[in-house]
Amino acid sequence: QVQLVESGGGLVQPGGSMRLSCVASGGDFSVYLMAWYRQTPGNQRELVASMATFGNPVYADSVKGRFTISRDNHLSAVFLQMNNLRPEDTAVYYCNFLRRSTGQNYWGQGTPVTVSS
């Protein structure tokens with residue numbers, strides 16, 4: 001059974017930093033696209049950053065230069081380093097593992113991030 005477990009969310013002041021982690025179990029995810037999404041109440045889930053096995057990461061315009069996505073295929077993990085956080089970054093953050101060739105698509109449970117003074 002595939003399971004994605006997130007950690008690292010919480011409360012941070014504007015301008016602060018936070019690192020999110022997502023570790024998967026139950027399979028080999030080295031060929032999966034790994035990504036982070038976020039969602040606020042009443043809004044659709046939006047892509048924050050994604051990273052394929054090879055190639056450059058992709059970022060939403062709103063987080064470019066502030067957030068960094070990385071992955072560790074050996075650990076089946078994806079990370080999101082968030083710097084210079086803003087109140088508008090407040091959301092529930094979800095990790096996602098997608099294998100396009102088979103349609104296998106897995107989500108983490110979500111971890112809340114609150115940016116407030």
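How many residues lie between β7 and β8 in the hairpin that these two strands form? The legends below take up this point first, and they describe a predicted model.

**View 1. The hairpin of β7 and β8.** Strands β7 and β8 form a hairpin with 4 residues between them, and S76, which belongs to the turn, has a positive phi of about 55°. Strand β7 covers residues 67-72 and runs antiparallel to β8, to which 6 bridges join it.

**View 2. Strand β8 and its pairing with β3.** Strand β8, made up of residues 77-82, is largely enclosed by the rest of the structure, because 5 of its 6 residues are buried. Strand β3, residues 18-25, pairs with β8 in the antiparallel sense, and this pairing extends over 6 bridges. Within this view, L20 can be found standing opposite L80 of β8.

**View 3. The surroundings of S21.** The residue S21 is found in strand β3. With a relative accessible area of 16%, S21 falls under the 20% cut-off and is therefore counted as buried. When its neighbours within four places in sequence are left aside, S21 is in contact with V5, E6, S7, W36, V78 and F79.

**View 4. The two faces of strand β11.** Strand β2, residues 10-12, runs parallel to β11 and is joined to it by 3 bridges, with V12 standing opposite V115. Strand β9, residues 91-99, is also joined to β11 by 3 bridges, but these two strands run antiparallel. In this second pairing, Y93 stands opposite T111 of β11.

View 5. The structure holds 6 aromatic pairs, and ring pairs link F29, Y32, F97 and Y106 into a cluster. In general, a pair of aromatic rings is described by the distance of the centres and the angle of the planes. Which rings have R45 over their face? R45 lies over the face of Y94, at 3.7 Å from the ring centre, and R45 also lies over the face of W107, where the distance from the ring centre is 4.6 Å.

Definitions and conventions. Residues numbered from 1 in each chain as written. Predicted model: local features only at pLDDT ≥ 70, side-chain atom pairs only at ≥ 80, totals over all residues. Heavy atoms only, no water. Buried < 20%, exposed > 50% of the residue type's maximum accessible area, 1.4 Å probe, protein only. Pairing = 2+ DSSP bridges. Phe/Tyr/Trp six-rings, centres within 6.5 Å; stacked < 30°, edge-to-face > 60°. Lys NZ or Arg CZ within 6 Å of the ring centre and 35° of its normal. Contact = heavy atoms within 4.5 Å.
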